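This report looks at one strand and its partners, and then turns to a helix and the nonpolar core.

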Amino acid sequence: AADPDWWRQAAVYQIYPRSFADSNGDGIGDLPGITSRVPYLVELGVDAVWLSPFYPSALADGGYDVDDYRNVDPRLGTLDDFDEMVAALHAAGIRIIADIVPNHSSNLHEWFREALAAPKGSAARDRYIFRDGEGPDGSEPPSDWLSIFGGPAWHPVGDGQWYLHLFAPEQPDLNWANREVRDDFLRTIRFWSDRGVDGFRVDVAHGLAKDLTAPLRSHAELEATKLAADGSHPLWDREELDEIYAEWREVFDEYDPPRIAVAEAWVAPTRRHRYAAETSLGQAFNFDLLRANFSSEEFHEIVDRNMEFAAETGSSNTWVFSNHDVVRHATRYGLPADLSGEGEVGKDWLLRGGPASEVDAALGLRRARAATLFLLGLPGSAYLYQGEELGLPEVAEIPDASRQDPTFFRSPGVEVGRDGCRVPLPWVADAPSFGFGPSAASHLPQPAWFSSFAVDVQSADPSSTLSMYRRALALRHELQGLEQLAWISVELPSVLAFQRPGGWTVVTNFGSSSVTLPDGMRELEVLLSSAPLDPADAAAGVVPPAATVWLR
Ligand code: TEU
Ligand code: CA
């Protein structure tokens, strides 16, 4: 029988389908492209892939604006291609997690077209969140709310009514108090589960339940109560979510093994529990490391807090450094210290990017490698973002005319947006589109320096970042035991050391000079190092700056 706990310590690799591999040379990555790269995923050693949206979409938000939840974007392939991809992944022992986007549909979804054509007060409008405008003919929005992507959160439809969109205007929010909406998503979950999908990543999981019955408060007032998050906010992190996800859970449990789900919920760590509960989605992304500086104090605190979280919820930990929404960590870690705020990489930099000239690329990559071996040593599941195994930095030099991300076009203060982490992967140094596809086409331009990060170059180099990931993921499979961790005190402030069951020991030097480990640790065998290690140093227990070693 299939292991129902397969997800607890899985290494999950996020694929951004349009930028992974292009099978037909149109410059857009597709499902046959993913199928053709299954051997790469096997060699990398991941347990599962999570696919960002591959559904029909006008791409107002990179596919997070879904026109049809139970189909494949024709540019990416067909449902048959999907089935072939699932079969190839499963034959290789790799599970598949699909992204599901329940907070909003696209404005081109059949339901939204119906809503626009239907009168005020109709059943078709009730699937979304329509409200009368203010002023004599409803010409003013119902409130001054702002969308996350910038600009007003209400959009007029011409008859005095406005609809709510927390993201782009092309992403109208669905009304989860509506039974038809709930039933349709249950149907979608069954549709993909029946096609072999092993789990779901739930987009904006904290946003579905809304209560707009009371008079609408001002934007400023709501922003002020957002972080307090006591459940009283009309838009985020509400109690009613439990009931919604309990229904999903019943459907997940109809399958053997049960389908899994991981919540994308940008809530305070103390408010994450409801999503990870076993009666709910069962797992929740922990974005604490993604927001942290490369710092022993911060990493220590985050690990402790989340080990506690796992114990309290019975879920497993999730560890994330990068995804398709943030500046790649090889770049973040190359920032000068003064760009980092208290306890967080400057949020501006994380979400918006900044000038490339401020980045020390070599330091960034060195720290990224050290951080990776720290993360892969932790108990729980590791979510990796495509390209991080190549040590890819953020691509800064995308011409404005080529940019696609709505945050770039709409959000005040966003300098470059999220395209720089979504550039198609380099597979072959010396090929058109660096082997992304059979032609030179690439939907986002690839920089010339991508050649030195290409898979073929790194495969041939035992010291490359790709080789390190491959060895680490293989070793992790061998060493992985109980979800336990014990800190080892080494009395060196820049160093964190912990031991996993079976004697697997992970030591990270976050500092900028070498350290020597205490007696008792020097005798251990070095299994893996994130940085070149001179044999004499290894024997003497020296850990170089910004490096992690695995010992036993
Ligand atoms: O992200 C949700 C979310 O809150 C992020 O939008 C984050 O605040 C933002 O990226 C900062 O610019 C999810 C998806 O991961 C993201 O790609 C989508 O744009 C968003 O939902 C809307 O579906
Ligand atoms: Ca293609």
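In this predicted model, strand E19 (residues 547-551) has 5 of its 5 residues buried, so the strand is largely enclosed by the rest of the structure. Ala547, Val549 and Leu551 point one way from E19, while Thr548 and Trp550 point the other way, and all of these residues are buried. In a regular strand, the side chains alternate between the two faces of the sheet.

E19 pairs with strand E15 (residues 504-509), to which it runs antiparallel, and also with strand E17 (residues 526-529), again in the antiparallel sense.

| Strand paired with E19 | Residues | Bridges |
|---|---|---|
| E15 | 504-509 | 5 bridges |
| E17 | 526-529 | 3 bridges |

Helix H13 (residues 361-377) has 17 residues, which at 1.5 Å a residue should span 24 Å, and this agrees with the 24 Å that separates its end C-alpha atoms. H13 is mostly covered, with 14 of its 17 residues buried.

The largest nonpolar core holds 136 residues, of which Val12, Val49 and Ala263 touch the most other members. H13 supplies the largest share of this core, namely 8 residues. When its neighbours within four places in sequence are left aside, valine 49 is in contact with Tyr13, Ile15, Leu41, Leu89, Ile94, Ile96 and Ile97. In soluble globular proteins, nonpolar side chains tend to be buried together.

How values were computed:
Residues numbered from 1 in each chain as written. Chains lettered and ligands numbered in written order. Predicted model: local features only at pLDDT ≥ 70, side-chain atom pairs only at ≥ 80, totals over all residues. Helix = DSSP H or I, 4+ residues; strand = E, 2+ residues; numbered from the N terminus. Expected span 1.5 Å × (residues − 1). Buried ≥ 20, exposed ≤ 12 C-beta atoms within 10 Å, placed from the backbone. Pairing = 2+ DSSP bridges. Core = buried A, V, L, I, M, F, W, Y, C linked by C-beta atoms within 7 Å. Contact = placed C-beta atoms within 7 Å.
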